[in-house]
Amino acid sequence: MAFSSPVFLFVFLPVVLAVYFSLPGLRLRNAFLLLASLSFYSWGEGVYALLLLFSIAANHMLALLVARHRGERAGKPIIGLAVAVNLGLLGVFKYTGFFTENLNYLLGLVGGVALPVPSLHLPIGLSFFTFQAMSYVIDVYRGQGQAHRNPINTALYISLFPQLILGPIVRYRHIGRQLTDRVHTVVGFAEGVGRFSVGLGKKVLIADTLAVASDSIFAAPGDELTAGVAWLGAVYFTLQLYFDFSGYSDMAIGLGRMFGFRYRENFNYPLIARSRGEYFRRWHVSFFTWMRDYVYGPLCGKNCPRWRRNVNLLIVWLLAGLWHGATSTFVLWGLASGIVIVLERIWLLQLVNRLWRPLQHAYGLGLSLAGMVVFRSETLEQAVAMFVAMLGGGDASGETFNSAMFLHRELVFTVAVGALAATPVVPTVRDWLDGRIGLLPVDQQNLARNCRLLVQAAVWGVILLACALAVSARTYTPFVYFQF
Amino acid sequence: MKRRNEEKKSNVHVAIAGVFLAALWVSPLQGLFGFVDEDWKMEERRLASLPEDEGVVSLVVNHRALLADYVRDHFGLRRTLIRWHHRAKLRLFGRSPVSELIIGEDGWLFLGEKDPLDDLRPMTPLPGYLFESWEQRLHEVSRWADERGARLVIVIAPSKQSVYAEYLPERVRSFAESSRVDEMLSRLAEQDPLDVVNLRPVLRAAKRNHRTYYRTDTHWNDIGAHAAYVEIVNRIAEWFPRIRPKPLSDFRIARTNQPGGDLARMLAMTEVYREENLRLKTVSPRLARRVGIRPSRDETSRVRREISFEQENSDLPRAAMFHDSFGQLLIPFLAENFSRLDCRLVGHALGASWNLDEDAETIDTSQPDVVIWEIAERAFERR
């Protein structure tokens, strides 16, 4: 169930909020929130919700075991088992086909017989809730959190619907206490409303609008792309993915806030980064800090020589690529990002830092665009064709696809809004306003703050209304003739 | 300072929370208790319905997809929100809110399919399977007519954009120059020539005097249909010299202002896009009289039907016509030129399955001298 679907917006969310706030006490509310979250998941995944339940049950028991044997020799095999169970789930459902195909390729080289490639359904959100579950057991093992005896709390941590299917990957050490001790305030709820509205707007009004154009461009044969069209495809997809993903994170953070949870930020204006390293410190922060703390850290240990750190970085990036999807383009995207980051650590960043600041941004943005082309391409050949077209190496006449087709008023407006919203203009203006308000006489400050808040609320209202219109319009599927 | 501001509750926060919760419930409450307008036929499809005698729990457990479809089609305020969206998008961006439709110049609307650019874009060569499928279908009809000793004339009704390309948006105008039909016909001509009336030149010529297509509908109007009729009858007159088409001067043009046509309906804007309809009223009394009209035996079908006309003059040949929606307006004209005309509406453009024996069952008994097989150009674009 997508947050931008009519079922979620017009049925699920109103009902869940109404019931949740009408229940007395946190225990009842948690129990209901768990029920709602499991319903949310099983609505789309049906029997695969059993996988989520298995993950919850296994990690709940393993966390209790780990807590009991923490600091003992028995602790290590238990945590090893927990990691194996979680990665096993991910491996079976996400990577079996990919690895079998690659194995068959190798077998083909030595004349071996190809194995049948299994086609397993990949349950939505598996990568997210698996990492979240691992964070729970590992944090308990490390003494950074207490294991919950009440399975409802464990289940709620792993399956809480706002972040269940697309993150952010909430860390147990950050959220564990809030499961049993959180406060619901009107201010928090109102802030959640605002954040949810902004996220929904990012997804529905910007990302989905750009997706139509970028999908058309990436679906076009590579030899029919002019340089202009290819660049537009790269720009549109870069903005689309950012607003889609960060929009989902905003919605998750906003929904969490309505229910009294405080999630950490997942995006921090990555498109203004001046290096690849900075980009990934701003992009999908919950995932990359997870990788840092649970993969890179343990790989390196305390006194890791520089060369090993760099090799480990490449390993982490290869895994990051694989986590995003079991295809060669994701592997290439991960490895290429890792190589650039290692080069930046060695010498490239020093060079870039000497450049004029706008050129530094151009460097960061250029790499983002290139990365997104690889990320979006379905095959390596397609990525190469896009790069060739972007560099003017194609021989397309522009008769079939030309830039004018993808530069109509709606797209230009959306890109302009997107470009503005991808930079911290709004928070800068808001902070400046708050600063000015702080300088007013005390008796006028409240009025000024309320005025600012009213304007902000009006903007949220307009965004929500525009989203309601767009979501409704998507349900409209007319035909010229009556369809039977 | 910022932190302190966040924590300080004000009436505005209360208002935000309250308005949001209230707004969330507007749609569900309207859906549950609001007036449901059954006249919503803009989408030309059956809206999702739920199985009877199923409880909510059973629906959620066993029919989630159906329930999602039902919510999608019936959530409260849906029609209002859709109309607002369409008007806002049109006004702000001048863009079609429906992807299958192109907003042209001066209030002209055009049909595309999925991505309108795809239909208009110069095509890669016609896929072999498509050509073979149509070739097979056309020859099947030809054989069927031969076996009955009837002459066959195949009539292709041009898409609006291939007659009125000048009203297309500039970015796609040049795409309308070529058509798959041209390629299809030239390839067919290389093999076994069929008698095909390509009406595009005729309609392009006729538009110099009067508008030949509706602005807000996919079809030709009475004047366009008349131009097509003249061309068809002239072709048939080569075999049956007794028949002559009625000239345009035998009719007077009546102008009516009416709600927009099928394309305006797709936009849910039949009142915004109104149509000035040019209707042809015959000056002299009609000779042909309707002798039969039958809905299809298929009870789900609303559009398939048969209709027959007869007149006293037995010197005139008998004709049968298989046609799609374009052919509807040809019928009153053609009926005047044949002693009997049997018409059978078939859904070429709908991609309906083709079963000549079944479709021609009633026509077969009338033993026509001429078989007219009319088909819209856009049917050839279907992939």
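Predicted model: local features only at pLDDT ≥ 70, side-chain atom pairs only at ≥ 80, totals over all residues.

Is B:Cys343 buried or exposed?

Analyst: B:Cys343 is buried, because its relative accessible area is 1% and the cut-off for being buried is under 20%. A disulfide is a covalent bond between the sulfur atoms of two cysteines. A search over all chains of this structure turns up 0 disulfides.

Chain B has 383 residues, and 51% of them count as buried. Its secondary structure consists of 16 helices and 11 strands. Among the contacts in chain B with a separation of 6 or more, 69% join residues 24 or more positions apart. The accessible surface of chain B is about 18,600 Å², and carbon and sulfur atoms supply 50% of that surface.

One spot in chain B deserves a glance for its backbone. B:Leu77 sits in the loop between α4 (64-74) and α5 of chain B. Its phi is positive, about 70°, although B:Leu77 is not a glycine. With 29% relative accessibility, B:Leu77 counts as partly exposed. A:Tyr269 is not a glycine either, and its phi is positive, near 50°. The relative accessible area of A:Tyr269 is 21%, so this tyrosine is partly exposed.

Helix α17 of chain A covers residues 409-421, which makes 13 residues. From first C-alpha to last it reaches 18 Å, close to the 18 Å expected at 1.5 Å a residue. Its buried residues are A:Glu410, A:Leu411, A:Thr414 and A:Gly418. These cover an arc of only 90° around the axis, so they lie on the same side of α17(A). A:Arg409 and A:Leu420, on the other side of α17(A), are exposed. What do the buried residues of α17(A) pack against? Their partners are α9 (186-219) and α10 (227-258) of chain A, together with α5 (78-93) of chain B.

A:Pro427, A:Asp434 and A:Ile437 are buried in α18(A). Looking down the axis, the buried residues of α18(A) fall within an arc of 85°, which means that they line one face of the helix.

Let's finish with a loop residue. A:His148 lies between α5 (126-141) and α6 (151-159) of chain A. Its relative accessibility is 11%, so A:His148 counts as buried. The side chain of A:His148 makes a polar contact with the side chain of A:Tyr172, at 3.1 Å. Setting aside neighbours within four places in sequence, A:His148 is in contact with several residues, including A:His60, A:Leu64, A:Tyr136, A:Gly176 and A:Leu179.

How values were computed: Residues numbered from 1 in each chain as written. Chains lettered and ligands numbered in written order. Heavy atoms only, no water. Helix = DSSP H or I, 4+ residues; strand = E, 2+ residues; numbered from the N terminus. Buried < 20%, exposed > 50% of the residue type's maximum accessible area, 1.4 Å probe, protein only. Contact = heavy atoms within 4.5 Å. Areas by Shrake-Rupley, 256 points an atom, 1.4 Å probe, with all protein chains shown as cover. Disulfide = S-S within 2.5 Å. Arc of directions from axis to C-beta. Polar contact = N/O pair within 3.5 Å; in protein donor to acceptor, adjacent residues only side chain to side chain. Expected span 1.5 Å × (residues − 1).
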